[in-house]
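Good morning, everyone, and thank you for making time for this.

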4 protein chains.
Amino acid sequence: MIELASTRSKYFIFELKSGQEFHTHRGIVKHDDLIGCDYGSKIESHKGSSFYLLQPGIAELNSTTKRNTQIMYPKDIGYIIMRLNILPGSQVIEAGTGSGGFTQVLASVVGSTGHVFSYEIREEMHNLAKKNISRLGLTDRVSFIGRNVREGFDERNVDAIFLDLPNPYDYISQVQEGLKSGGFFGSLLPTTNQVIKLLVALERYNFVFIDVCEISLRFFQAIANKFRPVDRMVAHTGYLIFARSVIEKKDEEAD
Amino acid sequence: MIELASTRSKYFIFELKSGQEFHTHRGIVKHDDLIGCDYGSKIESHKGSSFYLLQPGIAELNSTTKRNTQIMYPKDIGYIIMRLNILPGSQVIEAGTGSGGFTQVLASVVGSTGHVFSYEIREEMHNLAKKNISRLGLTDRVSFIGRNVREGFDERNVDAIFLDLPNPYDYISQVQEGLKSGGFFGSLLPTTNQVIKLLVALERYNFVFIDVCEISLRFFQAIANKFRPVDRMVAHTGYLIFARSVIEKKDEEAD
Amino acid sequence: MIELASTRSKYFIFELKSGQEFHTHRGIVKHDDLIGCDYGSKIESHKGSSFYLLQPGIAELNSTTKRNTQIMYPKDIGYIIMRLNILPGSQVIEAGTGSGGFTQVLASVVGSTGHVFSYEIREEMHNLAKKNISRLGLTDRVSFIGRNVREGFDERNVDAIFLDLPNPYDYISQVQEGLKSGGFFGSLLPTTNQVIKLLVALERYNFVFIDVCEISLRFFQAIANKFRPVDRMVAHTGYLIFARSVIEKKDEEAD
Amino acid sequence: MIELASTRSKYFIFELKSGQEFHTHRGIVKHDDLIGCDYGSKIESHKGSSFYLLQPGIAELNSTTKRNTQIMYPKDIGYIIMRLNILPGSQVIEAGTGSGGFTQVLASVVGSTGHVFSYEIREEMHNLAKKNISRLGLTDRVSFIGRNVREGFDERNVDAIFLDLPNPYDYISQVQEGLKSGGFFGSLLPTTNQVIKLLVALERYNFVFIDVCEISLRFFQAIANKFRPVDRMVAHTGYLIFARSVIEKKDEEAD
């Protein structure tokens, strides 16, 4: 998987295959001219336009990952990792897997001593995510479980649970069962109506430190003598909700 | 290091020491009542107010880390990790170390097979950062180098370099020497004047994919029947600048 | 009513009264030294600090108007005027009057040929607003009506109606009666829950072109060699809701 | 000039002419079916789709005004009016006229007792602006002056001056000559480089209360059970700069 970048900040991600050609409106580049080159090499198309061969970063891979589903953005992923306290050695549950973009980052961060349990009911999503994870050599760190979250999680006392589902408010008791006391819960939801329902559910199950926030990312025109924000931006991806589970709840349930 | 959290979303981070007391305006809590409790436990102060004993997360530790310097915020750190493509096994240079907040996250993410080289001229900052890193058990993953970046880096072909310095534009040739071809460069700067100078320097050294952006984080009032943004927010921490180094430059230097 | 501004961008608004003194931590200024000075004059306090005598602008008056109520901000007011199509000659209803900050702007813009009908149940607010309006010499352009909006408006076929009330969704039929066909409706609400209720009510009464938006205002440090956003900002004042009334509704009511 | 609005929040602004037809992909509407209808009336296309006949508001006219130039947005215009303290009776200079969108609002707000002096070197812009102003019946309130601002303004002691030009920093002495002491100055600039130059110029001419800000407008999906921000937004129109002129300067010039 390589990234071919033009000098005009446009980039293309594809796999190198001997004998093939890559066509852009700025000319043709032969895969054979790229194979064996160092990252950072400059290549010219048959029209004389300059391109650079680069290693694709997580952020770029993430935005070009093949997917049939709503993607999570790097601006949100990075912050979620911080807020869920994902560290080397962490045990984490996520649901749903989706195209596995977040799974890749979780698997990277938990390291060889941690583990990711990724739930998803759509088999085709799991197949796609598995391919993406295997490409990064992280297969050992992820268990893919094909099950509806309604039926609960197999794991107990995990460090963090993240629900990327349209109705996380229906599964808060399952979250509480899987999460260790004091563990970290997170979710991402596009509408205020969903957030409001989740707040009700989290309060009902005595979660504490409930926190809702929203991250905006604005790009600038990177020109030294005309430095200004670009004209348009993504206005919304989703609201992020975080909370901590506490023991108290379990006692009350015993009543 | 524990986190004592009141039910009103206020939290306090401190170390437990037998015989000591923790005083808040909602009453006194004895450390001995906390020692041995599970995370997530509910404790009452002598006035009957409820508190929870929690494990502090990276984000919270980060915002309470003792420091003599400008802090990097979780909203920025998470995104920088993504954009610099920091992964298990990555070799990363950062300068300066500051209080080591970002160092902690880098050391977590590079895992046991990666390494962080952290440059800083102020010895007292290195001492503070070493203490913070040791607290996380990540001492082996970080080399602290007490040197001015002007004199260059010892390392060659590292995967990423991040400069958290007021004048990164003065050190771009040093960055280019240390970074592998196609490697990832990043910086964070508070003023537009600094960004403009950095853009000039990056163009001069033929960096490509130069990207400037800004991340905003807005919190909401987490109350189900009064869901709305909070009244005030942090308006600015800094501009983030990213770029990739390419081989071409080195050829030109050879001329 | 004058504005005394220090060179450090701090300002004070007060009425000049012979014999009085104005005390700041940068020294004392005698009112008699200000009386008769031109706007723009520079005055020194007894400690030698510089101050400027200025005419207060609407925006500054607005933010220092004596009030017992939530204020509307200039960033919102200016845009509402545009979206409600307030012009010289416009007939406008507003409710509630509050401290009359918005009333002042409406009265200014409708000119001598337009009129503002301002409803409010709290008599003390009306008294305050009347004083503020009289100070601007615009008393003739505003009728203050002390009545609950639930009982409906006296006026028919007005050009625009703005509800600055916590429950505008309860008064949409009253709005429809007062507004001309095709007329402009607006409201400002702090919480998403209120907006959601208003959307339901507007749809029920067949309003069209329903539009919800939010305006953010970010200030910058106005220093040429350190140009950057200030550290903190107002994150939220309220959501703005706009809609147009159409005839169709009235036909349906006739059924 | 009418506005034909579909039920799907899409609108079209055009002049009614007997015998003509209006074609949309949702069917054809005959102008003769619209002529004589009340604003707010519902009309059906030949395909049975519903449309409403509405009076266009300033904000909508503004965004569809024929123009050959960068437009000023309602979000900025409304706030500028507030900050420049434009009121009935105000004497205001603006340069350049552009397509006259801001001129229209200024002329509306200054009322029959105020006046707008609008400078512009491109004759074709003045012709366009004159047509737009005449359409509103405000011709008497605006003087169009075809001259380069470098040569100075004819007027003295005006209440406010607004420069919508790429290089306002070159004309600050001209602004100071035209503006009354304590008067209001404003400008709108897209790049930080321009703002930085303007800050230098304003300081050099001893302007006080220099203020830079930026207004963001975010729209929401106006659906009661899916209330959320829309996906994309305008990220930047321009930075707004405000300042006050003071007498002191003139004294210094006398030295």
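How many helices and strands does the secondary structure of chain A come to? The secondary structure of chain A comes to eight helices and 15 strands, where helices (H or I, at least four residues) and strands (E, at least two) are DSSP runs, numbered from the N terminus.

Before I go further, some ground rules. Residues are numbered from 1 along each chain as its sequence is written, while chains are lettered from A and ligands numbered from 1 in the order in which they are written. This is a predicted model, in which local features need a pLDDT of at least 70 and side-chain atom pairs count only at pLDDT 80 or more, whereas totals for chains, interfaces and linings use all residues.

On confidence, pLDDT is the predictor's confidence in each residue, from 0 to 100. Chain A averages a pLDDT of 88, and 91% of its residues score at least 70. Over residues 249–255 of chain A, however, pLDDT stays under 50, and the model has three contacts there beyond four places in sequence; two residues are in contact if their C-beta atoms, placed from the backbone, lie within 7 Å. For the complex, the predictor gives an ipTM of 0.87 and a pTM of 0.90.

Let me stay with chain A for a moment. Chain A is divided into domain 1 (2–56) and domain 2 (60–254), with bounds that come from an automatic or database domain assignment. The centres of these two domains of chain A, taken over C-alpha atoms, are 34 Å apart, and along its principal axes the C-alpha trace of chain A spans about 75 × 40 × 30 Å. Of the 255 residues of chain A, 50% count as buried; a residue is buried if 20 or more other C-beta atoms lie within 10 Å of its own, exposed if 12 or fewer, and partly exposed in between, with C-beta atoms placed from the backbone.

Now to one helix. Among the buried residues of α7(C) are V195(C), I196(C), L198(C) and L199(C). What do the buried residues of α7(C) pack against? Their partners include α7 (192–204) of chain A and β13 (228–229) of chain B, together with elements of chain C such as β12 (208–221). Just after α7(C), N206(C) takes a positive phi of about 60 degrees.

Next, how chains C and D are related. Two copies of a chain are related by a rotation about an axis and a shift along it. Chain D can be laid on chain C with an RMSD of 0.1 Å by a turn of 180 degrees and a shift of 0.0 Å along the axis, and the two copies are thus related as by a two-fold rotation axis. The C-alpha in chain D nearest the axis is that of G78(D), 1.9 Å from it. The superposition is by least squares on the C-alpha atoms of residues with pLDDT of at least 70 in both copies.

As for the interface, 59 residues of chain D are in contact with 59 residues of chain C. The largest share of the side of chain D that touches chain C, 13 residues, comes from β12(D). Because 100% of the interface residues of chain D are also interface residues in chain C, the copies meet through the same surface.

Finally, a few backbone details. Most residues other than glycine have a negative phi, and most peptide bonds are trans. In chain D, a cis peptide bond joins A95(D) and G96(D), with omega about -10 degrees, and G96(D) is in the loop between β7 (91–95) and α4. L165(D), which touches A95(D), G96(D) and V149(D), not counting residues up to four places away in sequence, is buried, with 22 other C-beta atoms within 10 Å.
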